[in-house]
Amino acid sequence: MSILCGIPLLECVYCLACARWAWKRCLHTAGHDSETWGVATADEFEPVPRLCRYILAVYEEDLRNPQWEPPGGYGINPDWVKLKRTYNDTQGRAPPYLLYLDHDHSDIVLAVRGLNLAKECDYKLLLDNKLGKRKIDGGYVHNGLLKAAGWVLDSECGVLKELVEKYPSYSLTFAGHSLGSGVAAMLALVVVLNSGKLGNVERKRVRCFAIAPARCMSLNLAVRYADVINSVVLQDDFLPRTATPLEDIFTSLFCLPCLLCLRCMRDTCTSEDQMIKDPRRLYAPGRLYHIVERKPFRMGRFPPVVRTAVPVDGRFEHIVLSCNATSDHAIIWIEKEATRALSLMLENDGIMEIPEKQKMERQETLAREHGEEHKAALQRAVTLAVPHAHFPSQYGTFDEHVDEGEEEDDDEEEDSHGSSDKSPAIRWNELIERLCEKDGSSRHAVLKRSRTTV
């Protein structure tokens, strides 16, 4: 038809479609990723600037004579530092870290530093992975980061267990930046799954703050552990948005703009439904906090706003074409903007200190709201058919009490045939029948016992 009419109609349509795609892609800003999220409160965001300073303290050789401390200092009492490990101590198995007993905030903090571009061992840690290499708790994780977390836990298990038991009212916090954020997230996951190693520490006492997080776990795990793990992203940071394997990023570091542009085009042309259905695709973990401080077609920085959510779809899927994509990854900038954001939150609240009773009520309300949002995210993951995603039963999670042999058989069946096609009702009936055969009890007795337990 183009030849008969003398007008290249198909070529024009194709060019218009490409122009529309490029225009939409160039107009995509960081604010679009979190525009539907809620605004974070000062109570939930308060630990972030403090933990950023603790991570920065790992870079210091002598905390009593600091050389690169930020304005206001690190906020660390050197006498409360229980241990500090360097590359010589870890022998390249994990990044340097410190363990700090924060009596002022009733917190036991293990802070992990980010990538050292001059250390080959950090690159080896990142290269120790490929898609689908490591599976844990029904999802996929980054193999190298998980191994590093396991080494840290095995090395410091005795000290952590002693502190957790000695201070039962203190929370156990893992924090890290960039490479360290992945190690911290894996530490939180491993501790929750192996709570017996630390004296049966409760899940609600464990938390993690991954600053400028690496994509280290599959979507079902990222949503399921959103009550434990928190990720903090500054504006246009490229790492949480880069779905390409980490080893590709750092082996192509000197041509990073080219890699990001190519990856941007590939991810943009891939449908989000296809991304979600890939069980091996890794994501930034847990609940997300997005610090937004710049607006499109505006010069300079604006007062930062922190938005938060537990998203399932639209979870930082597209790289932002911005000259700040790499600078927003720096821990120094994140600490600075997080401090500004927290100050604005406190000013908007109108009071710097509130009565203890009112503070406890606000924390309970916040915990309840986060719990409801977490359940909604889990339900959303099931609705979108995210691989291996499941919503906890209202009668309790019987899967935890199934025999190990049966659990292994179920895992093998899932691995060989994919996710089961059976409905939740059929699975529930089969599980009840299995328990009846095991205990020799009637169906009515098993149901009654389950309701009593719940």
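A disulfide here is a pair of cysteine sulfur atoms within 2.5 Å, and this structure holds zero of them. You're looking at a predicted model, in which local features need pLDDT of at least 70 and side-chain atom pairs count only at pLDDT 80 or more, while totals for chains, interfaces and linings use all residues. Residues are numbered from 1 along each chain as its sequence is written, and side-chain values use heavy atoms, with hydrogens and water left out.

**Cysteines**

- Cys 157 is buried, at a relative accessible area of 16% (buried is under 20%, exposed is over 50% and partly exposed is in between, with a 1.4 Å probe and protein chains only).
- Cys 323, by contrast, is exposed, at 73% relative accessible area.

**Nonpolar cores**

- The largest nonpolar core has 49 residues, and Leu 110, Phe 174 and Met 217 touch the most other members. Such a core is a set of buried Ala, Val, Leu, Ile, Met, Phe, Trp, Tyr and Cys residues joined through side-chain atoms within 4.5 Å.
- Elements giving two or more residues to this core include β4 (107-112), α8 (143-166), β7 (171-177) and α9 (179-193). Helices (H or I, at least four residues) and strands (E, at least two) are DSSP runs, numbered from the N terminus.
- The top contributor is α9, with eleven residues.
- Leave out residues up to four places away in sequence, and Leu 110 still touches Tyr 97, Leu 98, Leu 99, Val 152, Leu 160, Thr 173, Phe 174, Ala 175 and Leu 187 (contact means heavy atoms within 4.5 Å).
- There's also a second, separate core of 33 residues, with Leu 56, Tyr 100, Ala 111 and Ala 338 among them.

- Cys 121, Asp 122, Leu 125 and Leu 126 are the buried residues in α7.
- Looking down the axis of α7, these buried residues fall within an arc of 145 degrees, so they line one face of the helix. That arc is taken from the directions from the helix axis to the C-beta atoms.
- Glu 120 and Lys 124 sit on the other side of α7 and are exposed.

**Positive phi in loops**

- Most residues other than glycine have a negative phi.
- Gln 91 has a positive phi, near 55 degrees. Gln 91 lies in the loop between α6 (87-90) and β3 (97-102) and is exposed, with a relative accessible area of 59%.
- Asp 137 also has a positive phi, near 50 degrees. Asp 137 is in the loop between β5 (134-136) and β6 (139-141) and is partly exposed, at 31%.
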